[in-house]
Amino acid sequence: MIYRLARSLLFRINPELAHGVVAGLMARSGGFSPIRAAVKEAFPVPESQGVDAFGLHFPNPVGLAAGWDKEGEAWWGVSALGFGHVEIGTVTPKPQPGNPKPRVFRLPEHRSLINRMGFPGSGAEVVARNIARVPDRGNLILGVNIGKQKTTPLEDAAEDYCVLMEKFAPMADYLAVNISSPNTPGLRKLQHQESLRPLLGRVAEQKDRLQQELGRRVPLLVKVAPDLDDEGIRGAVDAIVEAGMDGLIATNTTIGRKGVEDSPLADETGGLSGEALRDLSMDFLGKVLGYLGGAIPVISVGGIMTADDALARLDAGAALVQLFTGLIYSGPGLPSAIVKSVIQGAEKLTGSSNDGG
Ligand SMILES: Cc1cc2nc3c(=O)[nH]c(=O)nc-3n(C[C@H](O)[C@H](O)[C@H](O)COP(=O)(O)O)c2cc1C
């Protein structure tokens with residue numbers, strides 16, 4: 001009821017402003033324990049066995065996808081909704097404005113969004129300071145998604161990723177190399193094998209160096225786009241595995257418009273997310289898992305709008321799932337609903353139940 005009212009209000013203002021209002025509230029409430037406790041009570045998440053992946057222990061399989069908290073300000077507050085992990089960013093080395101506004105569009109009839117944000121942000125220095133404001137994050141897993149500066153030529157992109165790894169490895173549980181945003185010109189070309197191999201080679205060297213320095217392994221994941229064809233997927237998967245990456249995040253938004261052709265906003269440039277991405281992202285997951293053959297775990301993201309959507313990804317073989325657009329259309333109860341369904345599913349399989357019934 002309260003969410004329906006809030007949603008109706010928020011949907012009357014432009015999407016980026018609405019997001020800013022919600023993220024601002026989460027940022028302010030995060031450090032205030034009575035609010036955190038109240039949010040946790042409203043969206044209870046039962047204890048579960050959690051998930052072991054990339055050498056980390058995730059308290060549950062549901063995460064917040066990158067882009068929701070680009071500045072690293074609101075992740076602690078929003079985690080109270082029941083997320084087992086949050087991925088902040090994409091963070092770039094230096095501040096940059098992103099694309100001109102408006103750059104986010106709602107397609108409510110399709111429960112989808114189009115965005116062309118273009119990595120706006122205050123840069124690595126500020127984000128690192130923001131992360132450090134939360135001294136103890138308990139068992140929450142924190143990922144930092146890193147991306148190249150718009151002005152950095154593609155051939156120098158590895159340098160940006162290495163700088164960002166150095167900055168965030170000491171404070172992140174995992175790092176995600178974003179080479180799949182459609183809104184930074186040329187970025188997706190880095191997914192092609194001939195560019196990806198040298199890039200990941202450099203990044204892997206930096207990972208080894210940082211491991212020596214920190215005495216701790218910081219898993220490195222690569223986030224890919226759903227618009228790769230089969231040959232492209234296979235090439236990217238081979239390069240990712242050969243470079244010794246720890247995992248894969250599939251998928252980012254699509255530049256396709258399948259299913260939303262009738263929307264007056266379909267011609268807006270940018271990446272499509274939400275329900276319209278669901279089938280593509282699910283198909284992509286199947287292909288990626290097939291090519292990987294279990295080599296490394298996959299986080300599935302894209303069009304997860306319900307608990308059943310999430311269960312389908314986990315049943316297909318994803319280790320974890322992430323949400324973004326589902327949170328906007330299905331509401332703040334989605335993470336806890338997914339965790340409950342996962343636990344119920346596991347209990348059915350084992351024939352056990354927490355209530356002894
Ligand atoms: C407004 C918006 C901004 C996003 N920004 C980023 C980003 O900075 N980095 C990134 O890797 N993905 C970004 N994404 C993509 C999401 O992380 C996710 O991969 C995609 O939206 C598909 O999931 P969904 O259908 O649950 O939203 C963004 C998505 C949206 C809607």
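The structure is a predicted model, in which local features need pLDDT of at least 70, side-chain atom pairs count only at pLDDT 80 or more, and totals for chains, interfaces and linings use all residues. Residues are numbered from 1 along each chain as its sequence is written, and side-chain values use heavy atoms, with hydrogens and water left out.

A search of the whole structure finds 3 aromatic pairs; rings of Phe, Tyr and Trp (its six-membered ring) pair if their centres lie within 6.5 Å, and planes under 30 degrees apart count as stacked, over 60 as edge-to-face and the rest as tilted. One of these is the edge-to-face pair of Phe11 and Tyr329, with 5.6 Å centre to centre and 85° between the planes. Because Phe11 lies in the loop between helix H1 (2–10) and helix H2 (15–30), and Tyr329 in helix H11 (residues 325–330), the pair ties together parts that are 318 residues apart in sequence. Helices here are DSSP runs (H or I, at least four residues), numbered from the N terminus. Phe11 is partly exposed at 24% relative accessibility, whereas Tyr329 is buried at 4%; buried means under 20% relative accessible area, exposed over 50%, and partly exposed in between (1.4 Å probe, protein chains only).

Phe54 and Phe58 also form an edge-to-face pair, with ring centres 6.0 Å apart and planes at 75°. Phe54 is buried at 6% relative accessibility, and Phe58 is buried at 0%.

A charge sits over a ring if NZ of Lys or CZ of Arg is within 6 Å of the ring centre and within 35 degrees of the ring normal. Arg7 lies over the face of Phe11, at 4.5 Å from the ring centre, and Arg36 lies over the face of Trp76, at 3.6 Å.

Key: Helix = DSSP H or I, 4+ residues; strand = E, 2+ residues; numbered from the N terminus.
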